[in-house]
Each structure stands twice: as C-alpha cells, then as structure tokens.
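Please load the model in your viewer and keep the selection panel within reach. The tour below moves from one selection to the next and describes what is found at each stop.

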Amino acid sequence: MISAMPLISIIMSVYNEEIYLKEALQSIFNQTIEDYELIIVDDCSTDRTVEIIKSFNDPRIKLIINETNMGLTKNLNKALKLCRGEFIARMDGDDICMPDRLRKQVEYMRLHPEYMLTGCQTRTFGEQNMTWCLKDNPEKLRIMMLIRPVLAHPTFMMRKELIFNKNFCYDESFRSAQDYDLAQRVSEFYPIGIVQEVLLNYRTHKKQVSSKSGSTQFANADRIRERQLERLGVVLDENMRKVYTLWVKEDKNIEAETFCRAQELIHVFCKANDKKNIYSKELMEKTLKEMLFTWFLRNKSMKTMLKLPAICDSISDLPILAKQTAEIIKRKMHENK
C-alpha cells in the first residue's frame with residue numbers, strides 16, 4: 001500500500017545507467033524503512049535504463065521520462081517539486097546504500113531538528129578505494145567549504161520545508177557542482193551535519209559527471225569558492241590565487257614554499273574573518289590548518305617532508321600535525337583490512 005504522505009521522498013536522475021542501475025535500485029528496495037516514494041527522472045536514456053526501472057514493478061516508483069535531455073540540475077529540481085515526504089533523500093543510479101541508510105539518517109535528523117541538510121560517511125569503490133570520515137561539526141563543515149565540498153551528493157537528506165517553505169533548490173546555472181553550491185548556500189543559514197557511519201558505497205568510474213566534466217566541474221566549484229571569499233572580503237593577488245588553486249586541487253609533489261604560502265593564506269582568511277565575524281574565530285584557524293596538514297602529509301616529496309619545521313607556523317601547530325598524522329594512519333589501516 002502506498003502512503004498518501006510518505007516519510008521519505010528519494011530523488012534520482014538517470015541517463016544510460018544500465019550497467020549499475022539494478023544494483024543501485026535493489027539497495028533502495030532493501031532498506032529497513034519501507035515508507036518512501038522513489039521519484040526517478042530519466043533524461044532520454046538510449047539503453048535499457050527505463051526497462052530496468054520498470055522491471056521492479058514497485059508502486060512506490062514514480063518514473064518521469066523526459067522528452068528532451070535536460071541535464072542533472074534541472075532534473076533534480078523537477079523531482080523536488082513532486083516530493084511529498086517529510087524528508088527528501090538523494091540517490092544516484094550507480095551507488096549502493098547500506099540497508100539502514102534511510103533509517104539512520106532520519107533518526108539523525110530527528111535528533112537534530114535544527115539541521116536542514118545532512119549527509120553520511122561514504123566508502124568509495126571502483127577506480128578508487130577509500131573511506132571519507134569527516135567530523136560532525138556544522139561550523140567546521142562550513143569552514144571546510146572554503147576549500148572544497150564536504151557532503152557527498154548521493155548522501156544528501158534534507159527536510160521538505162527547506163524546499164517548500166525556505167525556497168531552496170538547485171541553481172540551474174550549475175550543470176555540475178550543484179550539490180556543493182546548494183550545501184554551501186544552506187550552511188549560511190542552517191546547520192548541516194554528517195552521520196558518523198558509512199551508509200553509502202560511492203562508486204568511482206569514468207562515466208561520472210565529475211570524471212567527464214573535468215575543467216567545467218572545477219570552474220563551477222571555483223564560482224562557489226569565489227562567492228565565499230567575496231562574502232569574507234578577501235581579494236587574492238595572482239601569487240596567492242595560485243597557492244589557493246593548488247590547495248583546493250590538493251596537488252601532489254608541491255615545494256615546501258607553497259605550504260608556507262598556504263599558511264599565509266590562512267592568516268589572510270582569519271584576519272578577514274576577524275572583521276566580518278562570519279565563522280567561528282576559535283575554529284577557523286584550527287580547521288584550515290587541519291586541512292593544510294592533511295594535504296602536506298599526502299605530499300609524496302621526501303625533500304618537502306624534510307622541511308616540516310619551516311612549514312609549521314608555530315609550536316602550536318605540532319599537536320594539529322600529530323592528530324592529522326594519526327587520523328591518516330588509522331584510515332589507511334582501516335582501508336587495508
């Protein structure tokens with residue numbers, strides 16, 4: 001029996017997903033929560049995608065087949081308008097949900113009624129294998145978005161009121177990085193959070209938007225970073241802009257001088273924040289330094305590693321460095337099990 005007002009609306013946009021779609025859909029139908037609707041927008045697939053969706057023959061599926069290709073962002077907004085659930089969850093046609101993903105995210109959002117948007121920890125598989133473990137601290141997550149996105153798009157769960165009462169939706173000027181844009185805009189007004197469990201296996205392969213769009217994806221993400229810098233009142237010169245770009249890309253084999261300049265960049269951000277008071281002053285420097293040292297520790301140049309004393313801003317950096325080192329080692333050990 002279909003609920004008139006389902007607890008959760010799950011939205012998907014699919015295009016030629018026949019390779020992985022059956023497994024992704026099965027992971028939804030294996031959920032421990034059954035009170036949901038699944039709204040799927042097919043963007044003019046030319047393979048067996050629609051046939052696979054229809055083969056499930058589940059009344060909770062609402063399939064919309066586009067007459068013309070619209071792209072992910074417009075499809076998601078189209079699906080959002082049809083949502084009836086108290087909560088709205090995202091899912092992609094190539095990822096795999098853990099059986100209790102929806103239940104645990106709903107429980108988490110009920111535990112934190114002030115949160116409008118949340119994600120969960122993910123484990124990547126396919127061409128990359130790693131576990132993403134971000135701390136559940138809304139202010140830290142907001143600060144981290146000065147550098148990069150923090151919530152994996154297919155893990156999104158939001159409250160219906162965010163869309164229908166607060167008038168948030170995806171910005172259709174973004175054909176990629178639309179998730180980064182939405183999460184960052186939401187974080188300016190409401191807390192965002194992350195369930196501290198791996199609830200989704202995130203498949204990495206060459207067909208993904210992030211893999212195919214390349215420079216376009218980065219350019220769109222840059223628009224979001226630039227918007228945050230403008231709000232903070234930061235204008236970077238050519239040299240510091242180059243350092244910032246290297247950092248957000250987390251380039252490897254970087255000279256020690258670049259890491260020293262990144263320390264200067266942190267001071268620029270913190271000084272600007274002292275005037276604007278946008279972010280927690282207590283957390284801003286620490287959070288950015290955690291990100292900087294994580295980048296440094298992933299650097300493969302032994303020559304640069306030997307210049308660690310010059311890269312540390314002060315003795316107070318050493319506990320931060322030690323903590324990031326321990327977390328990376330712990331994560332590596334977990335991934336190699």
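Which residues does Thr73 touch, not counting residues up to four places away in sequence? Select Thr73 together with Tyr170, Asp171, Glu172, Phe174, Arg175 and Gln178, which are the residues that Thr73 touches under that condition, where contact means heavy atoms within 4.5 Å.

Before going further, note that this is a predicted model, in which local features need pLDDT of at least 70 and side-chain atom pairs count only at pLDDT 80 or more, while totals for chains, interfaces and linings use all residues. Residues are numbered from 1 along each chain as its sequence is written, and side-chain values use heavy atoms, with hydrogens and water left out.

**Thr73 and helix 3**

Thr73 is found in helix 3, residues 72-80; helices (H or I, at least four residues) and strands (E, at least two) are DSSP runs numbered from the N terminus. Thr73 has a relative accessible area of 3% and is therefore buried, a word that stands for under 20% relative accessible area, against over 50% for exposed and in between for partly exposed, with a 1.4 Å probe and protein chains only. If you show the side chain of Thr73, you can follow it to the backbone oxygen of Phe174, which it reaches at 2.4 Å.

**Aromatic pairs**

Now display the aromatic rings: a search of the whole structure finds 10 aromatic pairs, counting rings of Phe, Tyr and Trp (its six-membered ring) whose centres lie within 6.5 Å, with planes under 30 degrees apart called stacked, over 60 edge-to-face and the rest tilted. Phe29 and Phe56 form a stacked pair, because their ring centres are 5.2 Å apart and their planes are at 25 degrees. This pair links distant parts of the chain, 27 residues apart, with Phe29 in helix 1 (residues 21-29) and Phe56 in the loop between helix 2 (49-55) and strand 3 (61-65). Phe29 is buried at a relative accessible area of 16%, and Phe56 also counts as buried, at 18%.

Move on to Phe259 and Trp295, a tilted pair with 4.6 Å from centre to centre and 55 degrees between the planes. Here Phe259 lies in helix 11 (residues 256-276) and Trp295 in helix 12 (residues 281-297), 36 residues apart. Phe259 is buried at 0% relative accessibility, and Trp295 is buried at 0% as well.

How many residues line the second largest pocket? There are 12, of which Cys133, Lys135, Glu327, Lys330 and Arg331 lie nearest its centre. A pocket, on a 1 Å grid over the protein atoms alone, is an open set of points where a 1.4 Å probe fits, with protein on both sides within 12 Å along at least five of seven lines, and lining residues have an atom within 4 Å of a point. Helix 15 supplies the largest share of the lining, 4 residues, and the lining as a whole divides into 3 nonpolar, 4 polar and 5 charged residues, where Ala, Val, Leu, Ile, Met, Phe, Trp, Tyr, Cys and Pro count as nonpolar, Asp, Glu, Lys and Arg as charged, and the others, Gly among them, as polar.

Definitions and conventions. Polar contact = N/O pair within 3.5 Å; in protein donor to acceptor, adjacent residues only side chain to side chain.
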